[in-house]
Amino acid sequence: MAYEAVIGLECHIQLRTRTKMFCDCPAEFGAAPNANVCPVCLGLPGALPVANRAAIESTLRLGLALGCEVRAESVFARKNYFYPDMPKNYQITQYDQPLCEGGALPVRIDEVERTFELIRIHIEEDTGKSFHPEKYGDRRISRIDFNRAGVPLLEMVTQPVFRRPPECAAFLTALRRLVRWLEISDGDMEKGHLRCDANVSIRPAGSRELGTKAEIKNLNSIKGVEKGISAEIVRQTALLESGGRVEQATLLYDADHDKLAVMRSKEHAHDYRYFPEPDLPLLRVEAAWKEQMRAQVPELPWALEARFVEKYGLKPYDAGVLSQDRALAGYFEQVVAGLNPKAASNWVTTEALGRMNARGWSLAEWSARVSAASLNELVRRVESKELTGPLAKQALDAMAEEGVDAQVVLARPEYQVRGGADELLPLVKAVIDEHPGPVSQYRSGKTVTLGFLVGQVMKKSGGQAVPQVVKELLERELVGG
Ligand SMILES: [Zn+2]
């Protein structure tokens, strides 16, 4: 029997705020263990939480970008459970009245525009972290760092809209781009800024009923999400095909060994004894506040991608590369001014990004050396034929290495174009002498060898010759000889 998978994602997004969700402790990373704690985030008796406005505003911008319904009144709730890294023995979260509901994330997969619907986005606080560091001696002793306890976290729950693991990977990639675009999170899965659990079930292809689902936790990279879900689909299919049945369970995925392990049988909502948080008021979002937040939502990546295709005539693939990052899109829009957009796109996506990747530079590091104005000048000179393509690429290397403007680099003698016949003719003659084979092939009618000979002259000129001039000189000499 053929089966199809039904997959829903629960994504946790750690917000990049200065302070924690309900107290003034710094929300930053990397401090000494338990340096960023206070009575509120340690859950000491009598301490009262106060909600972080910046975190709520980040959530509003995300919800509005995704077309969610924003509740005028939402409720913080206590989720009760015992966990060693959660000092209060409850987590403040939102339950039946979350801040944002509905909405959808547009994602382009294999050149097709899809939208994946959401159920909700709510605000909660993160837990602390247990660790077992050898440097403190006995590894059997657990140590707890509460720096992360109380850091603002969003939970985004999707509808069970995914059928194939690559769709989940594409969704997460698009979500990561969006949270960075809105500057609400660093979105780094490896660092835990973006975490993901997946609910997976399978059913006979064509069936409308849902099968029993298993939840996979600990998916901490986009590749891991795709592989973990694939492994679970294989496991459930084998179970059903051998006459067994899927038990509702929580599984842990071990990316290093590509293995799933059952962590616990699934708990239910009633196990958490949710109730409204008595120490916090209703969260009221008035229309004016919502509109103020809507005005702060920038042009969204999918809209910008569509505009790049329409306005500049770029291929959807190139528009996708340029809109992977808001700063990169901005860089391109400065480079493209007054130029052929396809050429400008090529210089940014191939030449600039290629050099950044090779050197491991961020866009900020790159543009500190090669400003958009400087790259614009370089490409402009190629378009006006003051510069050849090979020379321009060498010049770009020099600009990147030295951090010097295009105008300064291009004034150097080695970047001057050599277009005069008197300069190039000796090179053309030398190439004809050195390559009698291709020359006689050309003369006997195999004119394709001309390209090779042009290349040889270009090489001799150090890339400074204009290919069209070389070609004309060669044709004249080859016919004449
Ligand atoms: Zn605190």
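Which helix supplies the largest share of the lining of the second largest pocket? The answer is helix 2, with nine residues. The structure is a predicted model, in which local features need pLDDT of at least 70 and side-chain atom pairs count only at pLDDT 80 or more, while totals for chains, interfaces and linings use all residues. Residues are numbered from 1 along each chain as its sequence is written, and side-chain values use heavy atoms, with hydrogens and water left out.

The second largest pocket has a volume of about 1200 Å³. On a 1 Å grid over the protein atoms alone, a pocket is an open set of points with protein on both sides within 12 Å along at least five of seven lines, a cavity is a set of points where a 1.4 Å probe fits but cannot get out, and lining residues have an atom within 4 Å of a point. Grid points are joined across faces, edges and corners, and a volume is the space filled by probe spheres set on the points. The lining of this pocket comprises 36 residues, and Thr173, Arg177, Gly320, Val321 and Gln324 lie nearest its centre. Among the elements that each supply at least two lining residues are strand 7 (104-109), helix 2 (165-181) and helix 8 (341-359). Helices (H or I, at least four residues) and strands (E, at least two) are DSSP runs, numbered from the N terminus.

The zinc ion is held in view next. Its protein donors are Cys23 (SG), Cys25 (SG), Cys38 (SG) and Cys41 (SG), at 2.3 to 2.4 Å. Donors are N, O and S atoms within 2.8 Å of the metal (3.2 Å for Na, K and Ca); water is not among the atoms, so sites may look incomplete. The angles among the four donor atoms are 99 to 116°, and the site is tetrahedral, a term for four donors with all angles between 85 and 135 degrees. In sequence, the donor residues follow the spacing C-x1-C-x12-C-x2-C. Cys25 and Cys41 both lie in the loop between strand 1 (3-14) and helix 1 (53-65), so the pair ties together parts that are 16 residues apart in sequence. Both Cys25 and Cys41 are buried, that is, under 20% relative accessible area, whereas exposed means over 50% and partly exposed in between (1.4 Å probe, protein chains only).

Cys41 also belongs to the lining of the largest cavity, together with residues including Met86, Tyr90 and Thr127. About 60 Å³ of space lies in this cavity, and the structure holds one cavity of 30 Å³ or more. Thr127 is 8.9 Å from Tyr83, C-alpha to C-alpha, although the two are 44 residues apart in sequence. Tyr83 lies in the loop between strand 4 (76-80) and strand 5 (90-94), and Tyr83 is partly exposed, with a relative accessible area of 41%.

Strands 4 and 5 pair in the antiparallel sense over five bridges; two strands pair if DSSP finds at least two bridges between them. They belong to an open sheet of three strands in the order 5-4-16, with antiparallel pairing. Strand 5 and strand 16 (275-276) stand at the edges with a single partner strand each, so one side of each is left without a neighbour in the sheet.

Strand 1 is mostly covered, with ten of its twelve residues buried. Eleven bridges join strand 1 to the antiparallel strand 12 (residues 194-204), and five join strand 1 to strand 11 (residues 152-158), also antiparallel.

Methods. Tetrahedral: all angles 85-135°; square planar, octahedral: opposite > 155°, others 65-115°.
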